Protein chains: 2
Amino acid sequence: MIATPYLLYLGHSNDEIGIKTSRGLAVFRPDICVGEFRHDDCGLTLNLPRMDFAAAYAAGARTLVLGIANAGGKLGEDLVQDALAAMEAGLDIASGLHQRLKDEPRLVEAAVRLGRALHDVRDPRPDIPVGNGKKRAGKRLLTVGTDCSVGKMYTTLCLARALAARGVPADFRATGQTGILIAGDGVPLDAVVADFISGAIEQISPDRHDAGWDLIEGQGSLFHPSFAGVSTGLLHGAQPDALVLCHDPLRRSMRGLPHYTPPGLADCLEANLRTARLTNPDVRVVGIALNTSAMDEADAIALCARTAQEFDLPCSDPYRMGVEAILDRLLESDAATAATATETV
Amino acid sequence: MIATPYLLYLGHSNDEIGIKTSRGLAVFRPDICVGEFRHDDCGLTLNLPRMDFAAAYAAGARTLVLGIANAGGKLGEDLVQDALAAMEAGLDIASGLHQRLKDEPRLVEAAVRLGRALHDVRDPRPDIPVGNGKKRAGKRLLTVGTDCSVGKMYTTLCLARALAARGVPADFRATGQTGILIAGDGVPLDAVVADFISGAIEQISPDRHDAGWDLIEGQGSLFHPSFAGVSTGLLHGAQPDALVLCHDPLRRSMRGLPHYTPPGLADCLEANLRTARLTNPDVRVVGIALNTSAMDEADAIALCARTAQEFDLPCSDPYRMGVEAILDRLLESDAATAATATETV
């Protein structure tokens with residue numbers, strides 16, 4: 001539905017976490033990303049060719065993805081001006097911001113006049129049901145986190161790829177705008193009306209009967225005062241058989257809230273298990289994923305080894321070191337469950 | 001903004017919990033309710049005069065309040081037909097259902113043609129911020145529950161009245177459609193977009209400096225698989241100093257989910273305290289409110305006494321027995337805190 005390939009927007013950003021949608025697309029869908037757009041004061045790059053809108057269109061780009069995030073998701077004046085210029089140059093616009101493109105009259109006017117499309121990836125589908133907590137067929141893994149933006153989407157995507165590589169049917173279930181742009185489907189969970197959070201997850205991860213796994217992208221954190229409600233509903237709707245805890249070991253305060261410190265891993269594991277047990281009493285933790293992108297390799301490996309030992313769980317940086325140990329644990333417990341089930345029969 | 005007095009709608013309802021908005025208005029705002037509208041197959045009454053739309057208009061009614069609830073909040077064909085007839089008879093329409101009056105073309109057409117107003121009480125204001133978890137001045141009490149529809153709004157309203165009667169400044173902060181219709185203000189929390197749940201509560205309960213209390217109406221339950229996300233964000237946004245746990249002792253399964261049993265009071269108290277501590281480490285429980293409306297008086301009193309003893313907390317049915325013991329505990333701990341603060345200074 002969204003015309004590809006993409007030009008990825010960085011704008012004036014100087015906050016690595018703020019460009020995570022653009023970076024996620026560059027990393028996981030390089031095949032559909034022709035370049036990046038950034039202003040001179042932007043200190044970041046995706047290592048794609050830097051292009052203005054006309055050059056991007058000439059190179060084949062058909063949609064400018066406003067792949068930047070900010071608390072509250074406002075559409076600032078700079079974004080509006082850039083989007084207008086991009087449309088003049090021939091590009092459609094896709095956005096994952098809370099504030100909708102279609103609510104900005106200047107963009108709507110330009111889209112109509114120029115025949116361009118405006119895609120608000122954060123508009124949920126209209127038929128989301130209230131959650132019912134009924135046990136569904138099939139197996140589900142959910143990534144949870146000590147904070148927002150600690151690698152839940154990356155971890156989930158790495159797990160989905162690695163499972164598929166082992167020949168196990170595996171589907172990535174996107175719950176955020178980047179994931180949706182990558183997967184082509186999913187639910188923008190933070191934009192769903194509060195009463196329907198768990199129902200939205202039940203809807204995107206229905207019964208499955210092929211012995212495969214749904215890998216559900218987590219959101220927020222039970223310990224984030226702004227977003228824990230989303231994380232709670234997600235845990236209940238996912239009714240996960242397996243959890244992977246994601247963590248940024250260098251994070252000193254909760255994302256956007258300098259007055260809150262991240263929880264310890266043990267507290268976070270326990271809180272997630274306790275919450276998840278409401279809809280799946282058999283939930284287990286099968287691994288810990290650390291985002292070590294800011295650490296050197298020896299330190300990262302040592303930290304993962306120490307963490308694995310402390311919690312008796314496989315631990316790795318999924319993007320840097322792979323997820324094989326976590327998958328071994330996941331499929332081990334899976335096999336054990338199957339064996340028990342067979343014995344019972 | 002909504003023209004009074006009201007005609008309260010019962011329609012075809014035979015489920016007492018389904019008419020809680022209409023009943024809440026009849027109980028707490030009898031001064032603005034002239035009658036009830038029900039079809040012949042409706043087995044319930046608010047003990048108000050039964051009126052058709054024309055008679056209600058003649059008796060002074062200006063708005064039909066569609067004060068009934070159903071899972072998902074759909075606007076059924078019967079409601080649409082009744083609302084159309086009411087508009088023809090001269091009445092405006094107010095609704096707390098998820099599905100909006102303004103999204104039903106027949107209602108919009110009739111409203112325009114007849115000059116009537118359509119009020120969707122569940123439309124949140126557009127400027128709700130993301131929560132920040134910062135400590136606010138003033139004191140807050142939040143009602144929490146073992147389930148939905150166990151008396152949180154009644155309890156909160158009783159506490160607000162009783163506090164005011166003792167000369168303590170007290171404001172009821174509504175978070176549901178009935179509460180909003182009663183108080184004339186508040187936030188329809190279950191209709192807020194998921195990322196803004198805690199921020200919505202921070203907004204309706206800002207800093208206060210008059211030594212009074214905000215009494216915040218709870219929603220859902222941490223143990224309800226459909227709605228625990230709402231309850232979690234509400235706990236975090238309220239940053240309550242005091243909790244009152246509300247419970248229906250005769251409830252055998254979670255509201256709308258026959259496959260889920262309600263939690264025990266001890267588990268529920270502990271889970272709410274644990275969740276609330278994220279934004280207020282000093283949170284305390286000051287009482288338990290039982291909805292004993294289906295029990296005889298001796299049994300109700302005995303159960304409250306047993307519960308009080310078991311948990312070392314004041315326990316009553318607020319509507320039936322008052323809330324004086326709970327207020328004593330609340331103001332005691334309040335005085336203790338003030339004394340400690342003075343000593344520290």
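Glu217(A) is buried in this predicted model, with a relative accessible area of 5%. That value falls under the 20% limit, so the residue counts as buried. You can find Glu217(A) in the loop between strand S8 (213–216) and helix H8 (228–238) of chain A. What does Glu217(A) touch, if we set aside residues up to four places away in sequence? Its partners include Leu142(A), Thr143(A), Met153(A), Thr156(A), Phe172(A) and Leu234(A). Among them is also the run Arg173(A), Ala174(A), Thr175(A) and Gly176(A). Take Ala174(A) as an example: 43 residues separate it from Glu217(A) along the chain, yet their C-alpha atoms are 5.5 Å apart.

Let's step back to the stretch around this residue. A UniProt record, an unreviewed entry, places the feature "domain: D-glutamate N-acetyltransferase-like C-terminal" at residues 130–327 of chain A.

How is chain A related to chain B? A rotation of 180° with 0.0 Å of shift along its axis superposes chain A on chain B, with an RMSD of 0.0 Å. This is the relation of a two-fold axis. The same surface serves both copies, since 100% of the contact residues of chain A recur in chain B.

Now move over to chain B and look at helix H1 (residues 20–28). Which of its residues are buried? They are Thr21(B), Ser22(B), Gly24(B), Leu25(B), Ala26(B) and Phe28(B).

Two packed helices are described by the angle between their axes and the distance between the axes. The axes of H1(B) and H5(B) come within 12 Å and cross at roughly 20°, and the two helices are therefore roughly parallel to each other. Their crossing is right-handed. On the H1(B) side, Arg23(B), Gly24(B), Val27(B) and Phe28(B) take part, meeting Met153(B), Tyr154(B), Leu157(B), Cys158(B) and Arg161(B) of H5(B).

Helix H3 (residues 77–88) and helix H4 (residues 105–114) of chain B form another pair, with an angle of about 0° and axes 10 Å apart. H3(B) and H4(B) are therefore roughly parallel as well. Residues of H3(B) in this contact include Val80(B), Leu84(B) and Met87(B), while those of H4(B) include Leu107(B), Ala110(B) and Leu114(B).

For a contrasting arrangement, turn to helix H8 (residues 228–238) and helix H9 (residues 265–276) of chain B, whose axes come within 9 Å and cross at roughly 55°. That angle makes H8(B) oblique to H9(B), and the crossing is right-handed. Here Thr232(B), Leu235(B) and His236(B) of H8(B) meet Asn272(B), Thr275(B) and Ala276(B) of H9(B).

Our last stop is a strand residue. His119(B) lies in strand S5 (residues 118–120) of chain B. Is His119(B) buried or exposed? At 15% relative accessibility, it counts as buried. Beyond its neighbours within four places in sequence, His119(B) contacts Met1(B) and Ile2(B), the run Asp92(B), Ile93(B), Ala94(B) and Ser95(B), and also Leu101(B).

Note on methods. Residues numbered from 1 in each chain as written. Chains lettered and ligands numbered in written order. Predicted model: local features only at pLDDT ≥ 70, side-chain atom pairs only at ≥ 80, totals over all residues. Heavy atoms only, no water. Helix = DSSP H or I, 4+ residues; strand = E, 2+ residues; numbered from the N terminus. Buried < 20%, exposed > 50% of the residue type's maximum accessible area, 1.4 Å probe, protein only. Contact = heavy atoms within 4.5 Å. UniProt positions renumbered as here; feature names shortened; annotations may be inferred. Least-squares fit on C-alpha atoms with pLDDT ≥ 70 in both. Axes fitted to C-alpha atoms, helices over the stretch in contact; angles between N-to-C directions. Parallel < 35°, antiparallel > 145°, perpendicular 65-115°, else oblique. Left-handed = near helix turned anticlockwise from the far one by under 90°.
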